[in-house]
Amino acid sequence: MTSLPRKSSRIKLGLVIDLDICVGCQACAVNCKEWNTSGHSAPLTDLNPYGKGQQGVWYNRIHSFEALDEKTGESQTINFPKSCLHCEDAPCVTVCPTGASYKREEDGIVLVNGDICIGCKLCSWACPYGAREYDETEGVMKKCTLCVDKIYNETLSPSSRVPACVSTCPVGARHFGDLGDPHSEISNLVKARGGFSLMPEQGTTPVNQYLPPRPKQHQKRADQSPRELEHKDTSTDGAGLLARWVDKVLSA
Amino acid sequence: MHPAKSVIFFTTGSGAGYGMLIWLAVLSLVGLQPADTFYGLVAFGIAFGLVVGGLVSSTFHLGRPERAWRAMSQWRSSWLSREGIAAIATFGPTGLFALAWVILNENQSYSVGLGIIGAVMSLITVYCTSMIYGSLKTVPAWFTKWTRVAYITFALMTGAVLLWLVSVLFNLPQAPIIGQLSMVFIVLGFVVKLFYWRSVDNAPATSTAESATGLGKLGKISLVEAPHSEDNYLLQEMGYRVARKHSTKLRKIALALGFVVPFILIALAIYGFPQFQLIIASIAVFSGIVGIVTERWLFFAEAKHVVTLYYGESAI
């Protein structure tokens, strides 16, 4: 059934993405593609992979935004990874006419059953975040599975049972955990850092949260320019007695 | 939004077909339709042809058309599912009404009852079609009550104009009344479309690049670099951009061909040159088709989706 679970799940698995430290290296997108192309909704098909106009199914995309403070004229660049937010009030689920889209009661993960999806694309229209992908080769919709085939995989070591994007991030900008538990490590992280939801006005109540860049350490303008070494080639100021004597001998 | 041909034909065609079915029942109820076999064949033939053609065409944009029957299952939450069920169910009473008309030459008493039930169900089906679009919060240009009002008004308008053409073809004495009815609904449709555009153009932005990224506190947000150098599915489906450059011109074309020209031509056929009414009616219908297809194309092509905020749009 594509109605949402009547009671929202107690466990809400999701990601917390730290925009302060993401360096925009795209490793999460690449490892996501690598894991998922043989995972739950495999394959993640590519079109014209070696020709002009390549495109394909990606669950993870990393945008770069500039924030311009119009008062001070200062700007900063923010790398912005985006994947499915596994919304509590997921509009992609309720619009599905076939029941292929569903939200799991046990952990809140939003998935597509590729065996009954008709590829009407309405879920991609209903999602504000662009989390839905259409696989042109298979004619069905695909989306981030939160690596459902990895996080519960008992053949992996416990430390590896996190989504591929999380385990691969070289700077630790992605965190995985239960956002339904107010005392979980990542819930505490969201509280401590003032985490936020994307487009709350769309009423989707995303599970995934984002952490804002930390405030810049503001200095006076003069201090911000690179410090220059004073040029001392010809001066003996501050030199010791011996050095001044040698300088005197050699300068003669 | 990408204006897929199949969806444009589906919404305009099935809308006009249901409009005809509604008028065939309502006009029979007030005794304005002859229970003639041949007339019934042509009128119901066009109406069902448009409805069936529209529904079949709507499956063309599916990735897996052979699974289309599955779309009937989720009526509890999905307007697309409700639309599918309503469309199939409507064939029952309207089909029986058509059979009674064509075979028994009967469009009064019990059969008109079936016709009216079919008309109500046709209205429900058109409403469900409009809600597929009207329920999407992500496309603010659709998420307005005017979407519903417009779909229903246009179904009644295009259905009336087509039925007028058929009645002219059979030289029915009731043709002028159906023509006048068409003129009333053309005026209504014209006004509704103007209200729709006014409401869409003046609506404040629902989402912005600042709310999409949650970074508004840091300042004005703009895209520095897209996630990839090539196009992607999201941009092809939701980031359609061709229309907006010409939108003012296209709106004028839609209004002129879809409403003004048919209105004038119908008036001419009724009050000026009844002897040429068939040729005039044919031109009116042709112009109306081009106009309403342009209108529907704009409905899709002009509408912006909030996901484009992640690809360079600043407010939607």
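This is a predicted model: local features need pLDDT of at least 70, side-chain atom pairs count only at pLDDT 80 or more; totals for chains, interfaces and linings use all residues.
1. Residues are numbered from 1 along each chain as its sequence is written, with chains lettered from A and ligands numbered from 1 in the order in which they are written.

2. Chain A has eight helices and 11 strands (DSSP runs numbered from the N terminus: H or I of at least four residues for helices, E of at least two for strands). Its radius of gyration, taken over C-alpha atoms, is 26 Å, well over the 18 Å that the globule rule gives for 252 residues, so chain A is more spread out than a compact globule. That rule is 2.2 Å times the number of residues to the power 0.38. The C-alpha atoms of chain A fill a box of roughly 95 × 45 × 45 Å along the principal axes.

3. The contact between the chains takes 54 residues from chain A and 44 from chain B (C-beta atoms, placed from the backbone, within 7 Å). On the chain B side, strand 1 gives the largest share, six residues.

4. Strand 1 of chain B runs antiparallel to strand 4 (residues 61-68) of chain A, and five bridges join them. A:Ala67 has B:Ile221 as its bridge partner there.

5. B:Leu24 is in contact with B:Gln33, B:Ala43, B:Ala47, B:Gly115 and B:Leu163, leaving aside neighbours within four places in sequence.

How values were computed: Two residues are in contact if their C-beta atoms, placed from the backbone, lie within 7 Å. Two strands pair if DSSP finds at least two bridges between them.
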